[in-house]
Amino acid sequence: MREYYQANIAAYGGSEVYSARHIFFKVDKKGGAGELSKAETRANEVLAKARAGEDFAALAKKYSDDPAAAKDGGDLGTFKKADMLPEIGDTVSAMKPGEVSSIVRSPAGLHIIKLEGKKQDAGRPFEQVKDSIEDTLYKKKSDERFAQWVKELRAGAAIELR
């Protein structure tokens, strides 16, 4: 039952929790395509530096348009996928720790994200869901046995069609 619990922890309230940093490039909606082009150019330059191995926190402090980035190096703290903008949440959930994303567009602007860590949130404790897991495993096993029994009956039956 514990193995089943660990393998299916997301079904019992457990979810992945991420810690990440980002570099934000603000795009003024009134600026049009020219503003977007300038921001993309800056973002691509910084992305190249980040992927070359430069310190991501230092790059965030130097280049990010996020006012808090100067203090904390673009630290987003810990969060669940659903807590973030869909664009950022989807990107982060597909990344591996230590990986730097490509440029991510959001309604606010452009982001470069570095995933610092990923861990599984515990969710409801095993003791609370133990009975539910036992029922699930019992039903699964009985369904398998029933299917096997029906298969054996069919194999041994002599059915004559007229």
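Q: Why is Arg105 called partly exposed?
A: Arg105 has a relative accessible area of 48%. Buried means under 20%, exposed over 50%, and partly exposed in between (1.4 Å probe, protein chains only). Therefore Arg105 counts as partly exposed. This is a predicted model: local features need pLDDT of at least 70, side-chain atom pairs count only at pLDDT 80 or more, and totals for chains, interfaces and linings use all residues. Side-chain values use heavy atoms, without hydrogens and water, and residues are numbered from 1 along each chain as its sequence is written.

Q: What makes Glu40 and Arg105 a salt bridge?
A: A salt bridge needs a side-chain nitrogen of Lys or Arg within 4 Å of a carboxyl oxygen of Asp or Glu. The N to O value for Glu40 and Arg105 is 2.1 Å, so the pair meets the definition. Glu40 sits in helix α2 (residues 32-51) and Arg105 in strand β3 (residues 104-105), 65 residues apart. Helices (H or I, at least four residues) and strands (E, at least two) are DSSP runs, numbered from the N terminus.

Q: Why does Glu40 count as partly exposed?
A: Its relative accessibility is 24%, so Glu40 falls in the partly exposed class.

Q: What makes Asp65 and Arg42 a pair that ties parts together?
A: Their side chains meet in a salt bridge at 3.6 Å, N to O. Asp65 lies in the loop between α3 (56-63) and α4 (69-72), Arg42 in helix α2, so the pair ties together parts that are 23 residues apart in sequence.

Q: Why is Asp65 called partly exposed?
A: Asp65 has 34% relative accessibility, and therefore counts as partly exposed.
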